[in-house]
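Visitor: I am new to this structure and would like a close look at a single part of it. Could you take me slowly through one pairing of side chains, and then show me what surrounds that part?

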Amino acid sequence: PVIHATVMMKTGMVKDLGGYRTEFLTSEDVDLWLRILDKHRIAVLNQCYYFVRLNPTSATVRHQSSVNFYRELALTFAAERRNSGSDPLMRGENMPLPPPAEPAPEKSLPRPGTFVRDDLSFYYNITVNARDCVNWRKTASIILHNGWKKRQTYRLLLFPLIGRNLVKTGSGIKSWFRKKNHSQ
């Protein structure tokens, strides 16, 4: 998937294609990117500068069957454009409707204190390295709120603060003691 916030392009490309086709209710972005690929080349960087966090209450998760239906339909339409030069919407045909969705089981979020927010680790490290105390405290507060009962949370918070060399030294000492205890 192409995440729009990560893209640099000329807006004229999108305007020339007519923008989003809202008939693709939950996958209009997939349809747009497939139409862009019909006429233009794109490049994908091999480094990740953007993270997306999905949770049980996000629209992508809640409407998964609809997302899957329209994504597959966008791929089918793209194949038809390659083979015949147009797709059903371009020819003025009606858009197929998705099958009735079965209700998704309710997923509850974990209780605060019981899960580690390692998705914030990257941002937390940036704030530590930048010495951005305001955002460092905010991010640390969120991480602690969600995982204060987990040992992994404290590693995530402390290791960037004490530095890589000290962590490496501590790990070496810990390994030495483990080896010594196992040999006895």
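Predicted model: local features only at pLDDT ≥ 70, side-chain atom pairs only at ≥ 80, totals over all residues.

Guide: The side chains of R21 and D31 come together in a salt bridge, with 2.9 Å from N to O; the term stands for a side-chain nitrogen of Lys or Arg within 4 Å of a carboxyl oxygen of Asp or Glu. Because R21 lies in the loop between α1 (11-16) and α2 (28-39) while D31 belongs to helix α2, the pair ties together parts that are 10 residues apart in sequence. Both R21 and D31 are buried, a word that here means under 20% relative accessible area, with exposed meaning over 50% and partly exposed in between, using a 1.4 Å probe and protein chains only.

Residues are numbered from 1 along each chain as its sequence is written, and side-chain values use heavy atoms, leaving out hydrogens and water.

The pair of R21 and D31 belongs to a network of salt bridges that also links R35, D38, R81 and D87. By the rule given above, the count comes to seven salt bridges.

Another of these pairings joins the side chains of R91 and E80, at 2.4 Å from N to O. This pair links distant parts of the chain, 11 residues apart, with R91 in the loop between α4 (64-84) and α5 (121-129) and E80 in helix α4. R91 counts as partly exposed at 38% relative accessibility, and E80 is also partly exposed, with a relative accessible area of 24%. The side chain of R91 meets that of E93 in a salt bridge as well, at 3.0 Å from N to O, and E93 is partly exposed at 39% relative accessibility.

To place these pairs in the whole, the chain has eight helices and zero strands, where helices (H or I, at least four residues) and strands (E, at least two) are DSSP runs numbered from the N terminus. Of the 184 residues of the chain, 23% count as buried.

A polar atom of the N146 side chain lies 3.0 Å from the backbone oxygen of I142.

Finally, there is C48, which is found in the loop between α2 and α3 (59-62) and is partly exposed, with a relative accessible area of 47%. C48 and T6 are 42 residues apart in sequence, and their C-alpha atoms are 9.6 Å apart in space.

Conventions:
Polar contact = N/O pair within 3.5 Å; in protein donor to acceptor, adjacent residues only side chain to side chain.
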